[in-house]
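Please keep the sequence and the model in view while working through the points.

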Amino acid sequence: MEESTIELARRGDRNALATILREFQDVWYRMSLGLLRDAELARDATQETALRVMKQLPAFRGESQLRTWSLGIAINVCREIRRRDRPVDGLRLVGMRQEEDGPMGEAEMAESRGRIREMLTELPERQREAVMLRFFEELSVEEAAEAMQCAPGTVKATIHQALKAMKKKFEVKQ
């Protein structure tokens, strides 16, 4: 995202703001869907994230990337929705970036994705957040830490715990 677009949006330019919303709405939806495990709640979270980004954008100081900053807002929105104790079912991951051609066929890839989805649903919320930010949204450890409002070491430890648990479950199911 160009700095000039961000600056124009911060000053209230509607076209620049629309550009930002178009750029990030899919990212916010993917993150929300993975955390909330419900398409309708994810759409609600995406809308609320967009509203908060528009409202808070004038205060954005540029100390991080806009994408990282806005994902932090999306995570907070999802946390608030979960606190309301609304039921959420299932997990549909979108944005898995691995190619389906190559040595592993589509059927094997689909089976592996199904196992990964199942394992992610069993992780504690914080571990699921860290894994999704790092591997599905492809943020650096530092960016994930900023979005999760914690230290980079915490993200590393959280991801390590999550991957260890997932590996153990994956080996048991094979």
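The points below go from the basis of the model to its overall build, its core and some individual residues.

1. Basis. The model is predicted, and local features need pLDDT of at least 70, side-chain atom pairs count only at pLDDT 80 or more, and totals for chains, interfaces and linings use all residues. Residues are numbered from 1 along each chain as its sequence is written, and side-chain values use heavy atoms, with hydrogens and water left out.

2. Overall build. The protein has 8 helices and 0 strands, and its pattern along the sequence reads α-α-α-α-α-α-α-α. Helices (H or I, at least four residues) and strands (E, at least two) are DSSP runs, numbered from the N terminus.

3. Burial and surface. Of the 174 residues, 41% count as buried; buried means under 20% relative accessible area, exposed over 50%, and partly exposed in between, with a 1.4 Å probe and protein chains only. The accessible surface of the protein is about 10,000 Å², and carbon and sulfur atoms hold 47% of it. This area comes from the Shrake-Rupley method with a 1.4 Å probe; for residues, only the protein chains shown count as cover.

4. The core. The largest nonpolar core has 45 residues, of which Trp28, Leu57, Leu66, Leu71 and Leu133 touch the most other members. Such a core is a set of buried Ala, Val, Leu, Ile, Met, Phe, Trp, Tyr and Cys residues joined through side-chain atoms within 4.5 Å. Helix H2 gives the most to this core, with 10 residues. Setting aside neighbours within four places in sequence, Leu66 is in contact (heavy atoms within 4.5 Å) with Met1, Ile6, Ile20, Phe24, Leu57 and Phe60.

5. Helix H1. Which residues of H1 (residues 3-10) are buried? They are Thr5, Ile6 and Ala9. Seen down the helix axis, the buried residues of H1 fall within an arc of 100 degrees, so they line one face of the helix; the arc is that of the directions from the helix axis to the C-beta atoms. Their cover includes helix H2 (14-36) and helix H4 (66-83). Just after H1, Gly12 has a positive phi of about 100 degrees.

6. Glu129. Is Glu129 buried or exposed? Its relative accessibility is 1%, so Glu129 counts as buried. Glu129 lies in helix H6. Leaving out neighbours within four places in sequence, Glu129 is in contact with Met31, Leu35, Ile75, Arg79, Arg82 and Met148.
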